Amino acid sequence: FKASPTVITSLARLGDSTFVPPDILNQMGDIFLKGQVTGQLKKFRLDAEAWCRQGAITMVASGKVDTTFTNFDVLAGLNTKNFNLGNLLGGATGLGTLSANVDIKALQHEAGGLTAEAKGNLIALGYEQNVYNNIPFEGYYNPHDMGISANATLPVGKVVAEASMTQDNTPDIDVYLNVDSLHIDHFYKNDYWVNPRLSLVLDGKIKGIDIDNIAGIVTIDSLDFHDASYDFQPGKFTLESGKKDNNEKYISLNSSLLTANIAGQYVFTALPNEISDLMHSYLPAVFSETKRLRTRNNYYKNNFSFDIAVNNTEELGKILQLPVDVILPAYINGNINTIDREIKLRGDIPYLRYGAYEIKNTHIGIENTDSIFNGAANSNVLMNEGIYKLGLLFNGKEDLVHTLLSLDSDSTGINIVGGIEAVPYTHLT
């Protein structure tokens, strides 16, 4: 017996017309089945083996089904050994082969749709160069919602995970993750870390999967990342998004390291094209124009403000070997209004360290008018030889970019001013 992904989808929709086949169903390709059925429809037993591109699964099932095969009540036990899960989900996941036992209870009636419960154990799961054993899990599916949970105590740490999602057009999604003393070097290698351990608690309640309209709150608490030479405990991270009473959308991130806010009307999926279309007015050889936006201005959708504050990152820089450390809090704010074709950005960065260089009192400003966009930046760079004052002015219009650079140092007697005029050039092949 052979079943294609199309056939499986059609059978599932007999009991649940809203069933949406997962992408992996197509990746599996044709599924082949052989076995033996004994008994009658009202009480049968099935011993079978199914296989696809990635491997084989054996099944023992019993239950009852009507003559239309749309109403059934089935108990089944599944077993697989060395199933190529990495090939099914994609090589980028790092997953390898899977050996597992799963017990499933499935019930379907015309009035109630399909419901299923699963309880199993991942006997062996390959990830990168490691194999993890004995990971129990549970899952369920019904016309209203679906979910999965796992609770594993492993040689590399303890992990408790739960996730559920409703079947609504705008689903409610709940996620919980508790990681205790996870040996992070089994999943990510860094030559500077010695026996690193990670603990955290993540809790999220989200409504929707559209990135432009997601509402909800996600917190990361009790974060503890340490090894033999450091102990990083930055406190609580809170990410929240939604709509205010005036229908203005917002996204906010709050933590001891970083605070960021976006407020207004934003459609991130349209933003790249809208920015490119706006900049086309000044540098048409560099930025392409979107035909749809050119023909109907009301397609512009973004008008929002943003602000970012970054606190001291020296400790984080040591852990992650970052090239730049923020010593004193840095601030960046601005607004993007593609409807009225305005972009503004302001930055005040009092103190950075880049290797042996100390960069102080940096100010950045970028904005545009109807005919030209302008930018300015100035900073003081402290070196062994003294203090160097750097300045940059630039503007662009009509496919020309004008730049003025200045370098001045009282201690070394250096005073340099220079300009560049560039004509953007694109080469099509």
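## Aromatic pairs

Eleven aromatic pairs are found in a search of the whole structure; rings of Phe, Tyr and Trp (its six-membered ring) pair if their centres lie within 6.5 Å, and planes under 30 degrees apart count as stacked, over 60 as edge-to-face and the rest as tilted. In the pair formed by Trp193 and Phe225, the ring centres are 5.1 Å apart and the planes stand at 85°, so the pair is edge-to-face. This pair links distant parts of the chain, with Trp193 in the loop between strand 11 and strand 12 and Phe225 in strand 13, 32 residues apart. Helices (H or I, at least four residues) and strands (E, at least two) are DSSP runs, numbered from the N terminus.

Both Trp193 and Phe225 are buried, where buried means under 20% relative accessible area, exposed over 50%, and partly exposed in between (1.4 Å probe, protein chains only). One aromatic cluster is formed by Tyr188, Trp193, Phe225 and Tyr230.

## Basis of the model

The structure is a predicted model, in which local features need pLDDT of at least 70 and side-chain atom pairs count only at pLDDT 80 or more, while totals for chains, interfaces and linings use all residues. Residues are numbered from 1 along each chain as its sequence is written, and side-chain values use heavy atoms, with hydrogens and water left out.

## Overall form

The secondary structure of the protein comprises six helices and 26 strands. The radius of gyration is 29 Å, well over the 22 Å that the globule rule gives for 429 residues, so the protein is more spread out than a compact globule. This radius is taken over C-alpha atoms, and the globule rule is 2.2 Å times the number of residues to the power 0.38. Along the principal axes, the C-alpha atoms fill a box of roughly 95 × 60 × 50 Å.

Of the 429 residues, 34% count as buried. The protein exposes about 25,500 Å², of which carbon and sulfur atoms supply 57%; accessible areas come from the Shrake-Rupley method with a 1.4 Å probe, and for residues only the protein chains shown count as cover. Among contacts (heavy atoms within 4.5 Å) with a separation of 6 or more, 38% are made by residues 24 or more positions apart.

## Nonpolar cores

A nonpolar core is a set of buried Ala, Val, Leu, Ile, Met, Phe, Trp, Tyr and Cys residues joined through side-chain atoms within 4.5 Å. The largest such core has 31 residues, and Leu122 and Phe225 have the most contacts inside it. At least two residues of this core come from each of several elements, including helix 3 (85–89), strand 6 (95–109), strand 7 (113–127) and strand 13 (215–226). A second, separate core has seven residues, among them Ala61, Val65, Val74 and Ala76.

Beyond four places in sequence, Phe225 touches Ile184, Trp193, Pro196, Arg197, Leu198, Tyr230, Asp231, Phe232 and Ile319.

Asp227 is found in the loop between strand 13 and strand 14 (231–232) and is buried, with a relative accessible area of 9%. Leaving aside residues up to four places away in sequence, Asp227 touches Tyr192, Trp193, Val194, Asn195 and Pro196. A polar atom of the Asp227 side chain lies 3.0 Å from the backbone nitrogen of Val194.

Gln108, in strand 6, counts as buried at 2% relative accessibility. A polar atom of the Gln108 side chain lies 3.0 Å from the backbone oxygen of Thr70.

Asn82 lies in strand 5 (residues 72–84) and is partly exposed, with a relative accessible area of 49%. Although Asn82 is not a glycine, it has a positive phi of about 60°. Asn247, in the loop between strand 15 (237–243) and strand 16 (249–254), has a positive phi of about 75° and is not a glycine either. Asn247 counts as partly exposed at 44% relative accessibility.

Asn303 is found in strand 18 (residues 303–310) and counts as partly exposed at 34% relative accessibility. Asn303 and Ile336 are 33 residues apart in sequence, with their C-alpha atoms 5.6 Å apart. Outside four places in sequence, Asn303 is in contact with Gly264, Gln265, Ile336, Asn337 and Ile339. The side chains of Asn303 and Asn337 are joined by a polar contact of 3.5 Å. A polar contact is a pair of N or O atoms within 3.5 Å; within protein, one must be able to donate a hydrogen and the other to accept it, and residues adjacent in sequence count only if both atoms are side-chain atoms.
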